[in-house]
Amino acid sequence: MDFPNLLLTFVYGIMPIITLTLMIIGVIFVFGKWLLPGILSPTGGPIRIGKLPNGDYYLDIDWFFWYKWFFGSDKPKPRKSWWHAVGYAIENLILDVFLFRRVFCRDKITWALSWPMHISAGLIILSGVHHAAHSYLLGIGSEVPSANGLVLPIPQLFRFPIDIPGLPFPPIVIHILGIIFFVEVILLLIRRLTVKKIASITKFDVLFDLIILACGSVVGITMVIVGPSPILVAIHGIIAHIYFIAIPWTFYTHIIGGMPFSAVAAGVRKARLGV
C-alpha cells in the first residue's frame, strides 16, 4: 500500500476512534470542572457543592433540579405552569440557539458574519459526503462514504436500525455553501484581529478555532478545483480531527451544552418567577 492510501486508512480508519475517545475525555473533564465550587455552569450560574450541618455533601445544579422551582413553600412569586416553561424554553432555543439573538443584540456586524457561517456549516455537514461519513461512523447510515469514487475507510462500530438521509443538495450547492463558509470565517478572523474592542476580548482559543476552520475550508475548496486526491482528503480529515479534539478545550465548548442548557434554563426561570 502506497503512502497516500496508508495515510488515508489511518486518518479515516483509526483516527475517528482516537478522536472520539479524546473528545469524550475532554467533555467529562469540562463537566467535571463545572462541578467544582465557584465554577460557572453552562447556564452561567454556579453549580454548587455544599455541606449540610450533619456533614453530608449536596450538589445543586440549577437546570437539573428544575422541578424544585415549581413545588415547595419557597415561592418568591406566583408561578406559571410547566407548559409556560416549555414555551419559554422553545422560544429561547429558537431565538438564541438558531437565530443568535444575543449576538445580534450585542454586535450586528458580528451576527451578520457568524450566523450565515453557522448555517452554511450546518447545511454542509447534513449533506453530501460529510453527512455520509458522520452518519456511517455513528451507525445511523448505511451508505459507505466516498468522494468522487474515493472510498473512505471509516469504521462502523455499531449499527442502529435507522437510516437518516442527508439533505439532497447537488454538488454545486454544497460548493457554494463552502465558499460562503470560507469567506465568513476569514472576515470573522480579520474582525477579531483588527477591531480593537473585539480584539481586546479575543482569546487564543477563538483565533485557533477560526484558523482551523479556515484551513479546512481552503483544503475543501482546493479539492473542488483539483479533485479529491488521497493526500488532500487525508489533510482535510486531519484538520477535522484536530477541530473535534479541541472542542472541549476551546471556545466551542458551547456546542456541548452552553447554548441549549442556557436557553432551557432561562425559560424555566422565567416561568418560575411568573413573568
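Buried means under 20% relative accessible area, exposed means over 50%, and partly exposed lies in between (1.4 Å probe, protein chains only).

## The model

This is a predicted model: local features need pLDDT of at least 70, side-chain atom pairs count only at pLDDT 80 or more, and totals for chains, interfaces and linings use all residues. Residues are numbered from 1 along each chain as its sequence is written, and side-chain values use heavy atoms, without hydrogens and water.

## A tilted ring pair

F29 is partly exposed, at 43% relative accessibility. W249 is also partly exposed, at 47%.

F29 and W249 form a tilted one, with 5.3 Å from centre to centre and 40 degrees between the planes. F29 lies in helix 1 and W249 in the loop between helix 9 (230–246) and helix 10 (258–273), so the pair ties together parts 220 residues apart in sequence.

## An edge-to-face pair

The ring centres of Y243 and F244 are 5.6 Å apart. Their planes meet at 80 degrees, so this pair is edge-to-face. Y243 is buried at 15%, whereas F244 is partly exposed at 31%.

## One salt bridge

The count is 1 salt bridge (a side-chain nitrogen of Lys or Arg within 4 Å of a carboxyl oxygen of Asp or Glu). R191 pairs with D107, and the closest N and O atoms are 2.8 Å apart. R191 is buried at 13%. D107 is buried at 14%.

Technical notes: Phe/Tyr/Trp six-rings, centres within 6.5 Å; stacked < 30°, edge-to-face > 60°. Helix = DSSP H or I, 4+ residues; strand = E, 2+ residues; numbered from the N terminus.
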